[in-house]
Amino acid sequence: MVMAAEHHGSNAPVNSSAGRIARIDVMRDMAAAEKIWRVFEGTGFLSTPYQRFELLDAWQQTIGKHEGAQPFVVVAYDTTGQPLLLLPLVTSRENGANVARFMGGKHPTFNMGLWRREFAETATAADLDALIAGIRTQADRVDVLAFTQQPKQWRGIPNPLISLGAQPSTNACPMMTMIPGCKPEERVSTSTRRRLRNKERKLQALPGYRYLVATTDDDINRLLDSFFIIKPQRMALSKLPDVFSDPATKAFVRDACLAKLPNGQRAIEIHALECNDELISIFSCVADGERFSTMFNTYTISDNARYSPGLILLRYMIDHFGDLGYSSLDFGVGSDDYKMTFCKDDEPLLDAFIPLTARGKFAALGMSSLTHAKRLVKHNPALMHMAQLLRNAISR
């Protein structure tokens, strides 16, 4: 039974004698969801920095609205009214099916719910059955839950949603671990440091050369202005589409980089190498005190590009966060060569396609098959070469 709530949400009691979830609320408005969302960002809860309210609200107000995605924020409670889980989802129509996905589109590396830590550590099959049952009873009639790019664990705690069934994502995420308090050469080898230091000497001769962590609105806007000029030129040189060309994406990037968290930190941080004449390299990232994850990046199209400014900047970032006591980092999905300079391990990512209706069974099968095919191509050099030739031919 679904009981009507206020205009922007609904709730449904869950019949489950075995599970701890007694009620499911669904909010369809970001402003209405903010108060409970803040609770899940407090102590005693577990989440990745990609699911912070500021970042996903910026995405929903720009790209989400532009693409017609509707907020579908699921909150689960126990019998005493204690919040247990928040799923930051959006719904949209895809090939005739009503699909619920994590907010953020292609921008987050990790998609995960926000969990009461104790509940995440002890969640049972009955708890998750109750969660799915509560979502299934919503009046929206979601056909399929498409939970993609989920980490198997976060901060040493297994991700409970993985038990719903999952398959490997198209790409894994290269990662690097650090021992808090270790010496710099234990993070980045002496030989790599020497090689990058020799290249950096050329850049250090440039007037005003510096490493910068942008903290002011003026610095953020100035660096982003340069990024939006350089990035399309870089993409064109690589014969790739400029994914930052549309106004909604530009607005999301700028809004999220300017947005401040309650602790004063930016939702997306910007790190850069620059001199008086140009932006040399830029990397953005999210960070949560233990791990930092890079997002968008680019580097100059001038002759200074030959000195590996992107690698030099990453070395600065590794030392910056290492000195702050961080224990791990990642550079997003994909096995680009520059990532392998620092990352020796892979963080596995998993997809789950959970049908809720008869139509959803066909949609889930199609999504699962497509993901499997993409992964097959990505991990087969011959097929990947053919795909690249086809992409290049299309882009001409």
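## Basis

Helices (H or I, at least four residues) and strands (E, at least two) are DSSP runs, numbered from the N terminus. The model is predicted: local features need pLDDT of at least 70, side-chain atom pairs count only at pLDDT 80 or more, and totals for chains, interfaces and linings use all residues. Residues are numbered from 1 along each chain as its sequence is written, and side-chain values use heavy atoms, with hydrogens and water left out.

## Gln265

Gln265 lies in the loop between α8 (247-258) and β15 (269-274). Its side chain makes a polar contact of 3.3 Å with the side chain of Glu269. A polar contact is a pair of N or O atoms within 3.5 Å; within protein, one must be able to donate a hydrogen and the other to accept it, and residues adjacent in sequence count only if both atoms are side-chain atoms.

Not counting residues up to four places away in sequence, Gln265 is in contact (heavy atoms within 4.5 Å) with Arg52, Ala259, Lys260 and Ala287.

## Nonpolar cores

A nonpolar core is a set of buried Ala, Val, Leu, Ile, Met, Phe, Trp, Tyr and Cys residues joined through side-chain atoms within 4.5 Å. Buried means under 20% relative accessible area, exposed over 50%, and partly exposed in between (1.4 Å probe, protein chains only).

The largest nonpolar core has 81 residues, and Trp37, Leu87 and Leu131 have the most contacts inside it. A second, separate core has 26 residues, among them Val188, Phe283, Phe292 and Ile318. Beyond its neighbours within four places in sequence, Trp37 contacts residues including Arg52, Phe53, Val73 and Leu114.

## Strand β3 and its partner

Four of the five residues of β3 (residues 23-27) are buried. β3 and β5 (residues 70-77) run antiparallel and are joined by five bridges; DSSP must find at least two bridges for two strands to pair. Met27 stands opposite Val73 in β5.

## Helix α9

Helix α9 (residues 309-323) has 15 residues and spans 21 Å from first to last C-alpha, close to the 21 Å expected at 1.5 Å a residue. The expected span is 1.5 Å times one less than the number of residues.

Twelve of the 15 residues of α9 are buried, including Leu311, Arg315, Ile318 and Asp319. Gly325 follows α9 and has a positive phi, near 95 degrees.

## Pro355

Pro355 is in strand β20 (residues 349-355). Pro355 counts as partly exposed because its relative accessibility is 30%.
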